[in-house]
Amino acid sequence: GAASRAGRMTLYWTAPAPIKQYLPMFDSEFTPGQDVDPDRERAERNKMRKRVRRELKGAVRELRRDAAFLQTQQDAQLKRQRDVRDQRAKAIESFLSQQQFEAKIGRGKGKKRRR
């Protein structure tokens, strides 16, 4: 029927909505790192805060480096002490094993060997 003659039914036609474009405002006089706060006192306070933070970070870094250096020095000293102790222990052990060997030899001279 009548529906097939009419074709596709449309209420009304509208053009698709355009995509919004957000165009940023550019400041031709912009310089990175420059504070643009109009309140000079607040800007100075922020500047000093930033400087204090930077100094604190530097001090912490220095303390960390110093602690690492001292730790390596202490480790080296402990290793030297361990080496000396191990050397003494080896000397004592070799002396005792030599004594034991000589005692075994001395004990075996007087007796007859069993087979």
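Q: In this predicted model, a residue is called buried when its relative accessible area is under 20% and exposed when that area is over 50%, with partly exposed in between; is aspartate 37 buried or exposed?
A: Aspartate 37 has its place in the loop between helix H1 (2-6) and H2. Its relative accessibility is 12%, and because the cut-off for a buried residue is under 20%, aspartate 37 counts as buried.

Q: Which residue meets the side chain of aspartate 37 in a salt bridge?
A: A salt bridge needs a side-chain nitrogen of Lys or Arg within 4 Å of a carboxyl oxygen of Asp or Glu, and for aspartate 37 the N to O distance is 2.7 Å. A polar contact of 2.7 Å also joins the side chains of this pair. The partner has a relative accessible area of 38% and is therefore partly exposed, and its name is arginine 42.

Q: Which residue has the backbone nitrogen that the side chain of aspartate 37 reaches?
A: Besides the salt bridge with arginine 42, the aspartate 37 side chain makes an approach to a backbone atom. The distance there is 3.3 Å, and the nitrogen belongs to aspartate 39.

Q: How many helices does the secondary structure of the protein have?
A: The secondary structure holds zero strands, so that helices are what remains to be counted. One of them is H1, at residues 2-6, and another is H2, at residues 40-110. The count of helices comes to two.

Q: What share of the 115 residues in the protein is buried?
A: The protein exposes about 12,700 Å², and carbon and sulfur atoms supply 56% of that area. Aspartate 37, at 12% relative accessibility, is one of the residues that count as buried. Of the 115 residues, the buried share is 2%.

Q: Why are lysine 79 and aspartate 83 separated by about one helical turn?
A: The side chains of lysine 79 and aspartate 83 meet in a salt bridge, with 3.2 Å from N to O. Lysine 79 is partly exposed at a relative accessible area of 45%, and aspartate 83 is partly exposed at 38%. They are separated by about one helical turn because, within helix H2, they are four residues apart.

Q: What accessible area do Ile92, Phe95 and Leu96 have together?
A: Ile92, Phe95 and Leu96 form a nonpolar patch on the surface. One of its members, leucine 96, lies in helix H2. Taken together, their accessible area is about 320 Å².

How values were computed:
Residues numbered from 1 in each chain as written. Predicted model: local features only at pLDDT ≥ 70, side-chain atom pairs only at ≥ 80, totals over all residues. Heavy atoms only, no water. Buried < 20%, exposed > 50% of the residue type's maximum accessible area, 1.4 Å probe, protein only. Areas by Shrake-Rupley, 256 points an atom, 1.4 Å probe, with all protein chains shown as cover. Patch = residues over 30% accessible without salt bridge, like charges linked within 9 Å, V, L, I, M, F, W, Y side chains within 5 Å. Polar contact = N/O pair within 3.5 Å; in protein donor to acceptor, adjacent residues only side chain to side chain.
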